[in-house]
Amino acid sequence: MKLRLGLVGIVLCLAALGFVSRPAPIWRFAEPLLPDPTLPAKFETIFEYTSPEGTAHAPAILPGSGDAFSVIWFDGIRESHNDVRILGVTFPDPDNVTEVLTRQSASANLHPRQTVLTLGNTIGDGSARLLATTVSLGGWAASSVSHLAGAKSAASQSRRLNLSPLLARSHLVKSPVVAMENDAHLLPSYFEMGQAFGVTAYLDEVGRVRGMSDMRGPNKAIQPMVVATSSTDAVALLRNFDPEQGPLMASWTQDGGQNWTAPTALDLPNPSAPVAAVRLSTGAILMAFNDALDRADTLTLALSVDAGRTWARGHVFGTEGGGDLRYPMMQVLESGRIALTYSTEGKSGIIVHVFTENWVMTP
């Protein structure tokens, strides 16, 4: 017994030593990839898909080299059903829709082992792995964010992230990670139970949570879309999650994401829906959002030159009454073009567009 207690003490001491010896997080944003302003104005739709099962939703973009990139989404009979799987397609050769992740492969690879009942919003981690919303008990109120390796990778590489406060439960992801210095990333997440709020987690170069911050205020504001405007400054654009639908919300940081202002309302209507945004070569922010309080059948592009405080509207996708367009995702590609994807027809399909910064500026 004494020997066993001694070994436990040694392990705990080594763990504590390892924790304190790790270098402190560097709360500074890396320079983001920016669109190429010399490319001529061009817009094209490169992919349209309808789920044979019924639901295709929450697409995410995984950047590659040049014009290569992938789009993944969750697909199944309906959201939260146990048949939901993550499907994907790779460009510039989008002919084959492939299975990227299932609840069975996620269960087999999680360490320690646990049964995943369903999968939800899934994004890339900035490298080769995925950050997925997983449910092992209950529903979304008991969901977790899991850092998942591919189905053929070692189980020890996949684990549930420790995002407190309630036993790392009731957290979900939607928006892409933001590159930080030293190969770290800032993960936008959100806590959906009770007084819901946005969360950002500092993930070091191997994906360990090294710091947390949140965006609390009098309103419920979730699904932060974070855009860095300098090495220390960023804006988070948030979905208004209050029972009575209201305008989009925004929060700002001036210290690399260590602290955020309380979310405040923007002068933009929104039907309680998330947005997508990127920074342009001019420093302006480009956002795609549902521009109405009571419907989501169009997506509007808007530009801000003051770090997200005021916005000028531009191109519009969809037509009124033509079916909901939801959960946009936008990324700048290595080629300097911009990819935009979102779900269509009330979460039953996926569409992908690619365009240039000069097209955005064209009336």
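Which residues lie nearest the centre of the largest pocket? In this predicted model, they are Pro63, Gly126, Pro176, Val177 and Gln331. The legends below begin with that pocket.

**View 1. The largest pocket and its lining of 42 residues.** The volume of the largest pocket is about 990 Å³. Two or more lining residues come from each of the strands β2 (55-63), β3 (69-76), β5 (98-101), β6 (118-124), β11 (178-179), β15 (221-228), β19 and β23 (326-332). Sorted by class, the lining consists of 29 nonpolar, eight polar and five charged residues.

**View 2. The largest cavity, with about 30 Å³ of space.** One cavity of 30 Å³ or more is counted in the model. Its lining is made up of Ala58, Pro59, Ala60, Asn121, Thr122, Ile123, Lys174, Tyr327 and Met329. Strands β2, β6 and β23 each contribute at least two residues to this lining. By class, six of the lining residues are nonpolar, two are polar and one is charged.

**View 3. An open antiparallel sheet of four strands.** The strand order is β19-β20-β21-β22. Strands β19 (276-279) and β22 (312-317) are at the edges and have a single partner strand each, so one side of each is left without a neighbour in the sheet. From one strand to the next, the twist averages 20 degrees.

**View 4. Strand β21 and its pairing with β20 and β22.** Strand β21 covers residues 299-304 and is joined to β22 by four bridges, the two strands running antiparallel. Across this pairing, threonine 300 is opposite valine 316 of β22. Five bridges connect β21 with strand β20 (residues 285-289), again in the antiparallel sense. Here leucine 286 faces leucine 303 of β21. Is strand β21 largely enclosed or largely open? Of the six residues of β21, five are buried, so the strand is largely enclosed by the rest of the structure.

**View 5. The aromatic pair of tyrosine 49 and tryptophan 73.** A search of the whole structure gives 13 aromatic pairs, and the one shown here is tilted. The ring centres of tyrosine 49 and tryptophan 73 are 4.9 Å apart, with 50 degrees between the planes. Tyrosine 49 belongs to strand β1 (residues 43-50) and tryptophan 73 to strand β3, so the pair ties together parts that are 24 residues apart in sequence. Tyrosine 49 and tryptophan 73 are both buried.

**View 6. A cluster of aromatic rings.** Which residues are linked into a cluster by ring pairs? The members are Phe43, Phe317, Tyr342, Phe355 and Trp359.

Notes. Residues are numbered from 1 along each chain as its sequence is written. This is a predicted model: local features need pLDDT of at least 70, side-chain atom pairs count only at pLDDT 80 or more; totals for chains, interfaces and linings use all residues. Side-chain values use heavy atoms; hydrogens and water are left out. Two strands pair if DSSP finds at least two bridges between them. Axes are lines fitted to C-alpha atoms, for helices over the stretch in contact, and angles run from 0 to 180 degrees between N-to-C directions. Buried means under 20% relative accessible area, exposed over 50%, partly exposed in between (1.4 Å probe, protein chains only). On a 1 Å grid over the protein atoms alone, a cavity is a set of points where a 1.4 Å probe fits but cannot get out, and a pocket is an open set with protein on both sides within 12 Å along at least five of seven lines; lining residues have an atom within 4 Å of a point. Grid points are joined across faces, edges and corners, and a volume is the space filled by probe spheres set on the points. Ala, Val, Leu, Ile, Met, Phe, Trp, Tyr, Cys and Pro count as nonpolar, Asp, Glu, Lys and Arg as charged, and the others, Gly among them, as polar. Rings of Phe, Tyr and Trp (its six-membered ring) pair if their centres lie within 6.5 Å; planes under 30 degrees apart count as stacked, over 60 as edge-to-face and the rest as tilted.
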